[in-house]
Every structure is written in C-alpha cells, then in structure tokens.
Amino acid sequence: MYRFILLTILSIMNAEIFAQNIIPEWNEPKGLVLVYPANLPTNPNEPPKKTLINFYDSFIQLLLDSSDLSEITIIHRKGLKELLTKKFPSKRIMLIEINDVQDIWARDFMPIYLFNETVCKALYNPSYFKEKEIKYAVLDNQVGINLAEFLHLKIDYFIQSGKQDFILDGGNFIHNGQGTAIVTNRVIADNETLSIDEIKQVFKSKLNISNLIILPVEPGDETGHIDGMVRFANEQTVFIASYPDKYVSGVNNIKEEDYKTDKQFLENITDTLRKNKFEVIRIENAIPQDNGEKKMPSAFGNYINFLRIGNTIFLPQYTISQDSKATETIKKSFPNLTIVPITTDIDKLSRLGGVLNCISWTYY
C-alpha cells in the first residue's frame, strides 16, 4: 500500500517537472559548446576543417569578450589540449577531449536543453547522409550523450530511457518557451513509422510542446532544417528570411527560376505563420548560391542562422549590401538587443552549409 502511494507521488512529481516549459534562447545561458575543427576527419568532397581554425579562434575570442557566458566548452580531438590551453588561457574555457567527434555541427547532434540541468536526446541520423556516412552519425550521436554526461546533465530520451529511435536534428527545432515549436516536415519523413498525431504527442510528452507547427522543407535544402529560414525573436514574434525583390545574376547565384521558387516559398511561410497569429519580421538574405561544398547548398548570405545568447545576437557579416540591412532590421525592431558582427572567414564556414546557430549549443 505504502509502495503504491510512493510510486503515485513520484509519478505526479515527474509529470509536474515535465509540464514546465523549456528554456528559450533569449534567457541568459550558463555556457556554450563548440567543436574545434582541427584534426577532424576530412570528407573528400569538402575542404579540410582546419581551414576554419582562424574563424574559430576569432569567434571564441569574441564570445569571451562580448558575452557573459560563465563557460565556453570546447570539444576537441586528441592532441589539442595543450595548444588550446595556450590559445585560450581564460578560466571560462572548458576543454573536453572526445576523439570520436566527427564534425562541427554541434547543434544537430546535441540534446535539447529543457530546464533544471535536464536534457532530452533524440537520435542523430540525418537522411541526407549516404549509407557509408551513417557510421559518422552514430559517433556524433554518442558525442551528444558524452557531452551531457560531462556537464552532469540528466538525460532523458524521446521514446524511452535507453532508446533514441525518434530522429530529430537540433537544427530542425525552434521554440518560443511557451509551448509552441516549429519544425519542418522532415521530421515526418524521418519518423515514418509514426503518424503525425503520434509525432505531436512525442513533442507534447517530452518537451511540453502543445502547439507543433510543421512547415515544408525549403526547396533545395538537403538538411530539412528550420533554423536557416525561421527563428523566434520572442514569444509572439518570428524572424523569417526573405530574398531581394529583384533577381541579380552572378557567377555563383542560383538560376532565376529557382530564385523565384525560393522567394515565393518564403512568402508562403510568412502567410502561414501570420495566420498562426505571429508577428513577422523579414530579414533579407542574399540570393542563394550554388557553390556549397559536399553537394550541400551554401549558406552564404544567410542571417537567420545567427547565434543568440540572451540579449546579444552574433550576426554573420559577408561584406555584401545585405549586411547593413539585416543589422538595421534587427536593431529597429529590438533596440534593446546588442548586435555583434562576425566577419572573419564567415564565408568559408557558410559554404559548408551552415553558420553560427549550426555550430553551437547552449546550456543553462
């Protein structure tokens, strides 16, 4: 009898814990995670990650100088600890050697931070990986678990403890901290054994997402991620990418027909989210380019994939006309936000298919 009562109480307590809303990115985080690019495996279809070392060194120093982060956790491969200690002598830098880490896209294979040092881990198993590349996804999936353990975070899983067979990349999940989240329909394709109602129930039971908005994947986006076209600015406001009003030809620009398709797609997304009662702020990206590496579309000229740390936005700057437009749009809409421009080798990073949100993960 007493055991039954105790189990009932524990069940109620657990339900109450997971009824809390997850923490939005405009809350001040305790720390941020990056994967240092030196010594990472090199895919034959893309340049060595070591070409990003200057970018990472500059970016990490800017994070130290321009944020109130208590910790910046750098995941690195074997043989780099002494070098990184010399480069970044700050006591705020935490180094963790994980020799199995395969790539820089930390957002995708990290868990989702909930609250109270608790995270929820999905399976990292990208559909755009070729069959021979899945082994790398398996390793990075474990890196996300290892990192949570290193930070002494409690780990829950989307389906049940010990199983991670619900597939979700971190780049395909944004939320407003009040029970609403946006994903693309890649989550349906990746979890085809589940109905849409079952998928929504998973988000409800694990993340307390009562309103899951499922948008189509942007044309030409192999990743199927949401964080390159829509981001929450606050509980009721979203930033949505737009493209210039007129097509301009260029050496690397996509074809005019594709530009028109992409532009209309983002107009449709805007209409959908306005119908969902969101205030919309458009941020103009450059015309997409088709010179990405590893057959991955380039993210050059994308501003939506900024990194937000509390009231500070680290914003990519590509030395193009849209740089000032993106900065002015954000400042005009939210004068309380601090904009930190990121310029050093941002073009090299973007041509790999992502920018600042893609390479980072925050914990609270």
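Helices (H or I, at least four residues) and strands (E, at least two) are DSSP runs, numbered from the N terminus. The model shown in every view is a predicted one.

**View 1. Helix 8 and the residue that follows it.** Helix 8 covers residues 256-275, and its 20 residues, taken at 1.5 Å a residue, should span 28 Å, a value with which the 29 Å between its end C-alpha atoms agrees. After the helix comes Lys277, whose phi is positive, near 75 degrees.

**View 2. The buried face of helix 8 and what covers it.** Tyr259, Asp262, Phe265, Leu266, Ile269, Thr270 and Leu273 are buried in helix 8. When the helix is seen down its axis, these buried residues fall within an arc of 140 degrees, so they line one face of helix 8. The other side of the helix carries Glu257, Lys260 and Lys275, which are exposed. The elements that cover the buried residues of helix 8 include strand 8 (180-184), strand 9 (211-215), strand 10, strand 11 (237-242) and strand 12 (279-284).

**View 3. The salt bridge between Arg231 and Glu25.** Nine salt bridges are found in the structure, and in the one formed by Arg231 with Glu25 the closest N and O atoms are 2.8 Å apart. Arg231 belongs to strand 10 (residues 230-234), whereas Glu25 lies in the loop between helix 1 (2-17) and strand 1 (31-35), so the pair ties together parts that are 206 residues apart in sequence. Both partners fall under the 20% limit that defines burial: Arg231 is buried with a relative accessible area of 1%, and Glu25 counts as buried at 17%.

**View 4. The salt bridge between Lys30 and Glu71.** Lys30 and Glu71 form a salt bridge whose closest N and O atoms are 3.7 Å apart. This pair links distant parts of the chain, with Lys30 in the loop between helix 1 and strand 1 and Glu71 in strand 2, 41 residues apart. Lys30 is partly exposed, with a relative accessible area of 36%, while Glu71 is buried, with a value of 16%.

**View 5. Strands 2 and 3 with helix 3.** Strand 2 (residues 71-76) pairs with strand 3 (residues 93-97) in the parallel sense, over five bridges. Within this pairing, Ile72 has Ile93 of strand 3 as its bridge partner. Together with helix 3 (residues 81-87), strand 2 and strand 3 make a right-handed β-α-β unit.

**View 6. The salt bridge between Asp345 and Lys348.** Asp345 forms a salt bridge with Lys348, and the closest N and O atoms of the two side chains are 3.9 Å apart, which lies within the 4 Å limit that defines such a bridge. Asp345 is buried, with a relative accessible area of 19%, whereas Lys348 is partly exposed, with a relative accessible area of 40%.

**View 7. The surroundings of Arg107.** Arg107 has its place in helix 4 (residues 106-109) and is buried, with a relative accessible area of 14%. Although Arg107 and Ile359 are 252 residues apart along the chain, their C-alpha atoms are separated by 5.9 Å. If neighbours within four places in sequence are left aside, Arg107 is in contact with Gly170, Gly171, Asp227, Leu307, Asn357, Cys358, Ser360 and Trp361.

Definitions and conventions. Residues are numbered from 1 along each chain as its sequence is written. This is a predicted model: local features need pLDDT of at least 70, side-chain atom pairs count only at pLDDT 80 or more; totals for chains, interfaces and linings use all residues. Side-chain values use heavy atoms; hydrogens and water are left out. Two strands pair if DSSP finds at least two bridges between them. A crossover is right-handed if, with the strands pointing away from the viewer, the path from the first strand over the helix to the second runs clockwise. Buried means under 20% relative accessible area, exposed over 50%, partly exposed in between (1.4 Å probe, protein chains only). The expected span of a helix is 1.5 Å times one less than its number of residues. The arc is that of the directions from the helix axis to the C-beta atoms. Contact means heavy atoms within 4.5 Å.
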